[in-house]
Amino acid sequence: MIKATQPLTAAPISGPLRDARGLSAALVAHFAEHVARCGTLPGDALRGEVTAVTRTCLELAAGVLEGRDVSAKVERLQRAGADWAREGIPIGTIHRAVHDGFAVGFDLIVDATGPEDYARLAVTARRLFEVLAIVDSAFAVSYVREHRAVVAEHHTAVHTVASALLAGHPASTMARAGGIEIDESYYVLALSIPSHPGEDDPRVDGEVVARRKLRRVQSELARGGRGRALSLLSADGGTVLLPAAEVTPAEIGDLVDGLSTAAQVPVTATVIHTETHRIPEAAEQAHELLDMVHRLECAPGLHRFDDLAMEYQLTRPGPAREYLGTLLDPLDAYPELLETLRRHIGNDLSRRHTARVLGVHTNTVDNRLKRIGQLTGFDPAQPSGLWYLRSALVARSYRKSERVRIGRPDTMVASNAAK
């Protein structure tokens, strides 16, 4: 129960607010002229609602000044706030109207106060600040609650439609029910999000840090995807479907950069363009490509299928992959040489970058590359030799281990599809 503690001696000073009906009509006219001139408050019915809520605010103010219980008035304001949030009326418009109304009401009190009442006027001013806080809080709470409900509904709809598309199920009915449009084609992104440093900090709750990271990523995805991105994400990555009509290939790179900034860790992504009915196959391919990018220890960022088509083809099972996978066997006894080759290729053949990463001199890198050529028979300094060594590195990464879908929440896809 919200009840004022104002002494009864101050009650008469609230007299100018007691004509709630007439004063509320004047205030609504003021709002229409100065606050919502552009039609923010649509229709006569809504204007009638605004008048009723304005009257409630005046009655609440008078009640606080006179020491009466105003809990019912607060509940009435919260219901109105939820209705206006659903109508799409900006919260800023509501707060502006509230503050304008309080200014008018306080001016009326001041005009009706004589010099002998200034002491009580000071007390009344402090009480009106409390009333203003109560009203602002009532509207803010209702807006936040309503928007959370809307976001939860949309989030559920997005998960349902994304799961259906990734599973190859018809999604048009579910999409219409959730207010989601399905395009003819999509860019399918496979994302890998590494752990935030705070997730491993024993001084904080790692799960909380991970959830906050995921919320930042989702918020940036909504902004960069213009509100139309469909996704299934967990704290370590997932799958994103971007309508091809909404983004350009260049913008996808900017989006991945934005996701890295939001996550505060370098995000790695692969992308494939596909028609809607082929999304399941494209998602599988995108995650296979992402797995390959990680195996090759490529730099974070966006990797396109067109740039890695040869490497991807080398991952396909067959005698060629088995043969290429054996070419680096002579390096098994020299792990530093194998690591140097992997780093050198992953760093786009930059000797300086490779030396800096390994913590050695560039001459050491040169000597190791020469030794690799001597042991394998393929010179890394020659284009043909480098092609075989790079191909062997790709094939070798798949030779003795199964593919790992990095960042893809398969259990989430399965459970949502089942529902």
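Predicted model: local features only at pLDDT ≥ 70, side-chain atom pairs only at ≥ 80, totals over all residues.

Guide: Residues are numbered from 1 along each chain as its sequence is written, and side-chain values use heavy atoms, with hydrogens and water left out.

Visitor: How many helices and strands does the secondary structure of the chain come to?

Guide: Helices (H or I, at least four residues) and strands (E, at least two) are DSSP runs, numbered from the N terminus. In this chain there are 16 helices and five strands.

Visitor: What percentage of the residues in the chain is buried?

Guide: Buried means under 20% relative accessible area, exposed over 50%, and partly exposed in between, with a 1.4 Å probe and protein chains only. Of the 419 residues in the chain, 47% are buried.

Visitor: Which residues have the most contacts inside the largest nonpolar core?

Guide: In soluble globular proteins, nonpolar side chains tend to be buried together. A nonpolar core is a set of buried Ala, Val, Leu, Ile, Met, Phe, Trp, Tyr and Cys residues joined through side-chain atoms within 4.5 Å. The largest one here has 32 residues, and Leu60, Leu77, Trp84, Val135 and Phe139 have the most contacts inside it. Two or more of its residues come from each of helix 1 (20–34), helix 2 (43–65), helix 3 (71–87), helix 4 (91–111) and helix 5 (118–167). A second, separate core of 27 residues includes Leu324, Leu337, Val365 and Leu393.

Visitor: With which residues is Val135 in contact?

Guide: Contact means heavy atoms within 4.5 Å. Setting aside neighbours within four places in sequence, Val135 is in contact with Cys57, Leu60, Leu77, Val98 and Phe102.

Visitor: Where does Gly101 lie, and is Gly101 buried or exposed?

Guide: Gly101 lies in helix 4 and is buried, at 11% relative accessible area. Not counting residues up to four places away in sequence, Gly101 touches Leu27 and Phe31. Gly101 and Leu58 are 43 residues apart in sequence and 8.8 Å apart in space, C-alpha to C-alpha.

Visitor: In which strand is Thr268 found?

Guide: Thr268 is found in strand 4 (residues 268–275), and its relative accessibility of 6% makes it buried. Leaving aside neighbours within four places in sequence, its contacts include Ala190, Leu290, His294 and His303.

Visitor: Which residues lie nearest the centre of the largest pocket?

Guide: Rolling a probe the size of a water molecule over the atoms shows where empty space is left. On a 1 Å grid over the protein atoms alone, a pocket is an open set of points where a 1.4 Å probe fits, with protein on both sides within 12 Å along at least five of seven lines; lining residues have an atom within 4 Å of a point. The largest pocket is lined by 13 residues, with His154, His155, Val158, Gln218 and Ala222 nearest its centre. Helix 5, helix 7 (206–224) and strand 2 (230–234) each supply at least two residues of that lining.

Visitor: Which residues lie nearest the centre of the second largest pocket?

Guide: Its lining has 14 residues, of which Cys298, Ile345, Gly346, Asp348 and Arg390 lie nearest the centre. Helix 12 (335–346) and helix 15 (383–397) each supply at least two residues of this lining.

Visitor: How many disulfides are counted?

Guide: A disulfide is a pair of cysteine sulfur atoms within 2.5 Å. By this rule the count is zero. Cys57 is buried, at 14% relative accessible area, whereas Cys298 is partly exposed, at 23%.
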